[in-house]
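Hi everyone, thanks for making time this morning. Please have a look at the sequence and the structure on the screen, and then I'll walk you through a few spots.

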Amino acid sequence: GGAMSFLKRFLPPAEGVRHQQPDTEAVLAGRSLGAGTLYIAESRLSWLENSGVGFSLDYPTISLHAVSRDLNAYPWEHLYVMVNAKFEEETKEAPMTEGEEEEDSDDDVEPIAEFRFVPSDKSALEAMFTAMCECQALHPDPDDEDSDNDYEGEEYDVEAHELEQGDIPTFYTYEEGLSHLTAEGQATLERLEGMLAQSVSSQYNMAGVRTEDSIREFEDGMEVDIAPVVAGQFEDAEVDH
Amino acid sequence: MEVSHSVKERTIAENSLVILLQGLRGHVATVDLRDESTATGRVTNVDAFMNMRLAEVTFTDRQGAVSRLDELFVTGRNVRYVHIPDEVDIRATIEQQLQAIHRVRYFGGRDKGRKEFPRAKPK
């Protein structure tokens with residue numbers, strides 16, 4: 001019953017699904033939306049009722065998520081998800097507590113919607129929670145003014161500078177390191193880098209991973225000495241930076 | 001001491017006070033959230049974006065209702081304050097975290113992140 005106009009028909013996500021939980025009830029502000037499947041995908045969180053309609057939530061709008069087993073607070077164990085957005089159910093049909101009514105009139109208060117996903121299989125809650133943590137971490141806050149996102153080159157610069165001092169750790173260039181690998185080792189390296197390149201978001205350049213973009217950078221060459229060593233040589237070294 | 005496997009995250013942590021929060025792993029702390037709710041629990045992880053994961057949480061929502069949550073993940077954006085527990089020595093915590101990062105940088109992480117090979121130094 002009720003107008004649930006934010007429910008739409010769509011296909012479940014095909015890619016990047018970290019966890020999928022069938023037979024999961026979705027509840028918004030205390031009102032059940034029915035039984036369906038929860039898809040915890042890297043791009044967004046989706047829930048599809050068995051009839052084929054559902055909704056998606058974008059990770060940047062999710063403030064927090066949690067596993068709730070406190071039956072005093074809510075009678076079934078569930079995954080709690082708090083979203084920074086308004087959904088129609090909140091203002092129309094859902095019963096309002098006194099607190100909510102007061103806050104609705106306050107312009108400064110952000111909209112909040114509370115979802116609960118209640119799986120019939122309670123033992124899945126851990127996996128659901130963890131999958132959400134992983135996906136959430138893929139969507140850092142774009143509005144964050146404090147963080148300087150231009151860190152790709154910085155750690156290299158610090159160490160390249162220190163190399164000039166002569167008495168600190170050096171490392172293989174990519175080519176030198178490659179030449180020390182057997183053919184099998186090289187094949188393994190390529191496979192692993194391929195996997196890493198696919199899974200790392202395009203914002204990041206992980207050190208040592210050659211993707212199409214980073215190959216150009218490496219070919220400039222870092223000025224390093226080529227000398228293999230036993231780790232542990234430097235236990236007592238003093239490193240300045 | 002656990003340090004991120006990501007070069008970028010280590011660099012961010014090293015250059016901000018997130019490094020202090022990362023040192024709170026294992027401690028019970030209270031986090032005030034942006035929507036005025038609070039969560040008190042044991043810190044199990046903090047990443048470079050200040051996303052925080054807590055266990056055994058007492059959660060007080062913005063209306064004052066109290067409940068327990070087994071595990072909670074709050075996004076960095078929604079963290080307003082983190083109360084540093086009294087038993088935590090702030091300076092020592094920061095120093096330990098920095099040392100952990102430098103160990104990873106110079107002697108290699110276990111399998112991920114950068115691998116560096118120190119040059120043999122004749123003594």
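At the start of α3(B), a side-chain oxygen of B:Asp89 comes to within 3.2 Å of the backbone nitrogen of B:Arg91. Please keep in mind that this is a predicted model.

Let's stay with that helix for a moment. Which residues of α3(B) are buried? They are B:Thr93, B:Gln97, B:Ala100, B:Ile101, B:Val104, B:Arg105 and B:Tyr106.

Now over to the aromatic rings. Counting over all chains, the structure holds eight aromatic pairs. One of them joins A:Phe6 and A:Phe87 edge-to-face, with 5.1 Å from centre to centre and 75 degrees between the planes. What I like here is the sequence separation: A:Phe6 sits in the segment before β1 (8-9) of chain A, while A:Phe87 is in the loop between β7 (78-83) and α1 (88-91), so this pair ties together parts 81 residues apart in sequence. A:Phe6 counts as buried at 13% relative accessibility, and A:Phe87 is buried too, at 12%.

Then there's A:Phe115 with A:Phe117: the ring centres are 6.2 Å apart and the planes are at 5 degrees, so that pair is stacked. Both of these residues are buried.

How values were computed:
Residues numbered from 1 in each chain as written. Chains lettered and ligands numbered in written order. Predicted model: local features only at pLDDT ≥ 70, side-chain atom pairs only at ≥ 80, totals over all residues. Heavy atoms only, no water. Phe/Tyr/Trp six-rings, centres within 6.5 Å; stacked < 30°, edge-to-face > 60°. Helix = DSSP H or I, 4+ residues; strand = E, 2+ residues; numbered from the N terminus. Buried < 20%, exposed > 50% of the residue type's maximum accessible area, 1.4 Å probe, protein only. Polar contact = N/O pair within 3.5 Å; in protein donor to acceptor, adjacent residues only side chain to side chain.
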